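Please consult the sequence and the model while working through each solution.

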Amino acid sequence: MPFEDLKHAQRARLEYLDRLFFWDGAATRASLIKRFGISNAQAALDFRTYLAVAPKDALHYDASSRQYLADHSFERLTGKSSSIELEQLLVGTPSPAFDRLPDLQRTQDLRVLRPLYRAFRAKEATRIVYQSMRDSGPMTRWIAPVRFASDGIRLHVRAWCFERSGFRDFHPARIDPDQSFAKTKPAGAVPRDDDWFTWAILKLKPHSRFTEAQQRVVRIEFGFTSDLLEARTRKALEFYTKRRWGLEQKEPRLERVSIDYIPMSEEEIDAN
């Protein structure tokens, strides 16, 4: 990739230029000066460095607007673009052109996460006081943490539950930090977590209640490249995948056609 041999600061400026040409279709030395607080001479040097690598026909200087314009043939020099880049550019605009929903990240208490992680590292079981949403009151359990997973909002710990003799997902926020972790012991021989090492292949399509025109835009929205959209996840994370894809909503965009469970190969297990 171009600019790899440059110092980090200059490489960041040239990557910013690359983004401007892709999204705005234009850039000037003033763009760099305003964003990075550099001198006019440094901005000119950055432009020369960028132009030396860019295809000759992809950019041209427009004297009337005093800026370089990207031709329709322009392609990124520094990798693929993303919607995150667009958010970053919008946040930097002079007028409010972007906002996001409130962040409802769940509580992630380090007094819980740290001892769980240490028990995982030490291959130990630890005693916790846990309030599930199915039980009316808290219960004391011995668990042996074996995996961590994120549903995009919070971390979960997957652990062998000695009381239930099975693997369960535990939400750290439901563990009482003041009454847990006082006792630990060697976890011993924990069975293999077959659900963790099994692929769940969900095949999805636009919901059948939609019209043909509505189904067409659902296919665009979710990036269909064929008649069915395939979502691959671990069987242990199937519930969270369905929830994140909105399959459990009252009026989902997608509906499940089928789901296949495929045990991982030994090579995949070793890699996972």
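The model is predicted: local features need pLDDT of at least 70, side-chain atom pairs count only at pLDDT 80 or more, and totals for chains, interfaces and linings use all residues. Residues are numbered from 1 along each chain as its sequence is written, and side-chain values use heavy atoms, leaving out hydrogens and water.

**Exercise 1.** Determine how β6 is joined to strand β7.

Solution. Helices (H or I, at least four residues) and strands (E, at least two) are DSSP runs numbered from the N terminus, and two strands pair if DSSP finds at least two bridges between them. Step one: β6 and β7 (residues 166–170) run antiparallel and are joined by five bridges. Step two: Trp160 has Phe167 of β7 as its bridge partner. Step three: four residues lie between the strands of this hairpin, where Ser165 takes a positive phi near 50°.

**Exercise 2.** Identify how strand β5 is joined to β6.

Solution. Step one: seven bridges link β5 (residues 139–150) to β6 in an antiparallel arrangement. Step two: Phe148 is opposite Val157 of β6. Step three: in β6 (residues 155–161), six of the seven residues are buried, that is, under 20% relative accessible area with a 1.4 Å probe, protein chains only.

**Exercise 3.** Which residues touch the most other members of the largest nonpolar core?

Solution. Such a core is a set of buried Ala, Val, Leu, Ile, Met, Phe, Trp, Tyr and Cys residues joined through side-chain atoms within 4.5 Å. Step one: among its 18 residues, Leu17, Phe21, Leu32 and Tyr50 touch the most other members. Step two: α1 (8–23) and α3 (40–53) each supply at least two residues of this core.

Methods. Buried < 20%, exposed > 50% of the residue type's maximum accessible area, 1.4 Å probe, protein only.
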